[in-house]
Amino acid sequence: MLQPHLIKAHKEQYIQALKKRNIEAGALLDKVLTLDEQRRATQTQLDEILAESNRLSRAISVLYKKGEAEQAATAKEQSSQLKIQSKGLSEKLIQVSKELEELLYTLPNIPHESVPSGKSDQDNEEIFREGTIPDLSASNLPHWELAKKYDLIDFELGNKISGAGFPVYKGKGARLQRALIAYFLDKNTQAGYKEYELPLLVNEASGYGTGQLPDKEGQMYEIPKDNLYLIPTAEVPLTNLYRDQLLEEKDLPIALTAYTPCFRREAGSYGADVRGLNRLHQFDKVEIVNIVKAENSYGKLNEMVEHVKVILRELNLPFRILRLCGGDLGFTSALTYDFEVYSTSQERWLEISSVSNFETFQSNRLKLRYRDKENKKHLVHTLNGSSLALPRVLAGILENYQTMDGILIPEVLRPYTGFDKIV
RNA sequence: AGAGAGGUGGCCGAGCGGUCGAAGGCGCACGCCUGGAAAGUGUGUAUCCGUCAAAAGCGGAUCGAGGGUUCGAAUCCCUUCCUCUCUGCCA
């Protein structure tokens, strides 16, 4: 959530930056400033009346002790009048504040200066590419056919017990999933991330804290009876661990990781894009979250990018890194790098990780601050990234490691799988 | 799910209608004492909002949350959430 005082100070800059998201924000920002002005003016008026009311109350107490009942009665009458006034102002304050908050909820984060303009994923900027695309002239099946051939994943069974987008992993397929989760968690904890196991259902406040609500309500599965949501990513419970906290400077930086299943309703996309593991309602992901001081957040973002790079390098998968353009940038993010693995059989790039800096956008909603040595309070910067999302990594491995007589397992995973080939 | 008890500052814990943002203790910070430390001792130690260029100061709000009674609520009433104990159910 943006902060009115910063909007005031950097209005023109914000308007320009939001143009990268193809948003004309001038009128909206003016509306924010007007509402904020109203809010503060109302607060000041209300405070004055309450101050007078408090003075009277104290006076009444003194009058009673002296036994001056008549004067006390007069004061009571005055106080009652003030109360009527304060009630009106107090309602106005609540109303204006609510209006301001609702407006702020509709405004996305300000893109970082390095974010390119653009309308869609076509305009994302490739900044890095590594790995060799294997020659699959001998054997070249897409992962959903490989999954069937080697009996690793059963989409029909998932369809029967749940519905489309809920795959069933079997045998070595299931074992490979477990191996990937363990391997990713190990890489993350070795890099200093603290491991968590988290609730998969969260309350409404958590949804607001990380920005899934009210913006992306339709993306989450809901359990209205208990007013809970299934998490679309571990980011939600992991970051919300620190909601409403005032940290000490020495507590920072904080680095967290967790494996969770993720649940996404993802309505509205059909065809080849969603075949096999490409898009699912339930999938596994290992997430990393960083909570840092503002001055360190872009350095940390680069560290996260390097961290994910190392993992993909170890898995020996061909990948590239994109800097997302304004039109493709997530609502809460200031700068996002997407990692994509090349799916040789599908002849397309598959997104497998998204690493973002939210600056203060989340921490402002979360009320997550730290106190420095001078006792001043600052919002922290929050960052997160997938490290990594499983299904498309699995797709990439199956497709890129296929041979005539089986699928090889990447070296680094063999200690986790206990086998080196799927035949 | 049923019955009971309770939610107060970083923590423990008093207060049960009138200068209560809240006694006392612990913890923490700084000072004194000490060769150094412990002990002892003194001082300080919540958050948010407004006013201000900013700080200080001043004003307002906050004792789980929301509402009510009252001139005045941590204290009384209602609603709600959470925790604990017992019973039930259960991996």
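E306 is partly exposed, with a relative accessibility of 40%, whereas K309 is buried at 9% (buried means under 20% relative accessible area, exposed over 50%, partly exposed in between, with a 1.4 Å probe and protein chains only). The side chains of these two residues, E306 and K309, form a salt bridge at 3.0 Å, N to O (a side-chain nitrogen of Lys or Arg within 4 Å of a carboxyl oxygen of Asp or Glu). Both residues belong to helix α10 (residues 297-315) and stand three residues apart, about one turn of the helix; helices are DSSP runs of H or I with at least four residues, strands are runs of E with at least two, and both are numbered from the N terminus.

The model is predicted: local features need pLDDT of at least 70, side-chain atom pairs count only at pLDDT 80 or more, and totals for chains, interfaces and linings use all residues. Residues are numbered from 1 along each chain as its sequence is written, chains are lettered from A and ligands numbered from 1 in the order in which they are written, and side-chain values use heavy atoms, without hydrogens and water.

In the whole structure, 22 salt bridges are found. One of them joins E99 and K31 at 3.6 Å, N to O. This pair links distant parts of the chain, since E99 is in helix α4 (residues 69-105) and K31 in helix α3 (residues 26-66), 68 residues apart. E99 is partly exposed at 30% relative accessibility, and K31 is partly exposed at 39%. A network of salt bridges links D36, E37, R39 and R40.
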